[in-house]
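I open this notebook to record what I looked up, entry by entry.

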Amino acid sequence: MSTDRSEAAPSRTVPSDLTGRRIAGYRLEREIGRGGMAVVFRAEDLRLGRTVAVKVLAPELARNDVFRKRFEHESRIAASIDHPHIVPIFEAGEAAGVLYLVMRYVDGRDLRALLDREGPLALDRTVRIAVQVASALDAAHAHDLVHRDVKPGNILVAEGTDPDHPEHIYLTDFGLTKKSLSLTGFTTVGQFVGTLDYVAPEQIAGKPVDGRCDVYSLAAVLQEVLTGRPPFVRDTDMALIWAHLHDSPAAAGLGEWVDAVLARALAKEPEQRYASCAQLAAALRGAGERAPVELRAAEPVRPVRQPPGWAAAVVRAPRSPQ
């Protein structure tokens, strides 16, 4: 879990002095990630003697009955998904006034850290990552769960099993603040959750979402992986929101085939995108086979129009509950 720029989440505070404390049957050893509403610790499972990751949510969230019900409901769904590229959830509960989630500890780094260290990745390596993430997302969609916050910080890169599979990818952060595909049940919190560099237009607009929302976010991540830049680079959050809603994404500059794949996946309207994440990954692989390209940095971002003054009022207008 990373602290990506422009995380559109409520401002919450997680105590910073939890290291060494015990929550349920877990001793928190050290902090390994922090976001706007939760902190992740490496921890010891005192009953089984194994290392796990424990995500501790801000205390305010435990006092929100709607959030708590949705947390329990979607954590149960996420825990039921047995998939090689989804971080397994061992337990979810409430103790000492906080909600917590216990997951497998993955010995690796997230994609954000990898990009910060190595820069843009080669197309063949990007395709390997995309295929694994897409498989995880489609498995979640089959269980009526939309991730809604696909970003480099939620993609974990561990060591692979052999030279043909040099990395094993895990997708994490399911079952916390995401709304399910269903429009019924625990889906009435009046805010969207996502990271602005990768968030789909329909999330910003407060419209119902399905798996194609994750197609958009995955494409935004893949463009950054390939070029070093997400599809939209703006000076302010408001300008970034406007761009997702109204502007055309910057061309990746990786050849017509790759650019066409990313452009389709980043379409403003969900019905114009690929129907599944697997279709996006397959199209990217096919584009690479048709037009192999050498990795290079994206061209400098061209000057873009700033949103008019009235746009802020439109974007910030209260939304009716779904």
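With which residue does E31 form a salt bridge, and how far apart are the closest N and O atoms? I note before answering that the model is predicted. I find that E31 pairs with R34, and that the closest N and O atoms are 3.1 Å apart. I looked up the accessibility of both partners: E31 has a relative accessible area of 36% and is therefore partly exposed, and R34, at 25% relative accessibility, counts as partly exposed too.

Entry on the total. I looked up how many salt bridges the structure holds, and the count is 18.

Entry on E44 and R27. I find a salt bridge between E44 and R27, with 3.2 Å between the closest N and O atoms. This pair links distant parts of the chain, since E44 sits in strand β4 (residues 38-45) and R27 in strand β3, 17 residues apart.

Entry on R125 and E167. I looked up the side chains of R125 and E167 and found that they meet in a salt bridge, at 3.6 Å from N to O. Here, too, the pair links distant parts of the chain, with R125 in helix α4 and E167 in strand β10 (residues 165-171), 42 residues apart. Is each partner buried or exposed, or does it fall in between? R125 counts as partly exposed because its relative accessibility is 23%, whereas E167, with a relative accessible area of 6%, is buried, the cut-off for buried being under 20%. I then followed the shared partners and found that salt bridges join R117, E118, R125, R128 and E167 into one network.

Entry on positive phi. I turned to the backbone and looked up A24, a residue other than glycine, whose phi is positive, near 50°. A24 lies in the loop between β2 (22-23) and β3 (26-34), and its relative accessibility of 33% is why I list A24 as partly exposed.

I also looked up D144, where phi is again a positive value in a residue other than glycine, near 60°. Where does D144 lie? I place D144 in the loop between α4 (123-142) and β9 (155-162). At 43% relative accessibility D144 counts as partly exposed.

Technical notes:
Residues are numbered from 1 along each chain as its sequence is written. This is a predicted model: local features need pLDDT of at least 70, side-chain atom pairs count only at pLDDT 80 or more; totals for chains, interfaces and linings use all residues. Side-chain values use heavy atoms; hydrogens and water are left out. Helices (H or I, at least four residues) and strands (E, at least two) are DSSP runs, numbered from the N terminus. Buried means under 20% relative accessible area, exposed over 50%, partly exposed in between (1.4 Å probe, protein chains only). A salt bridge is a side-chain nitrogen of Lys or Arg within 4 Å of a carboxyl oxygen of Asp or Glu.
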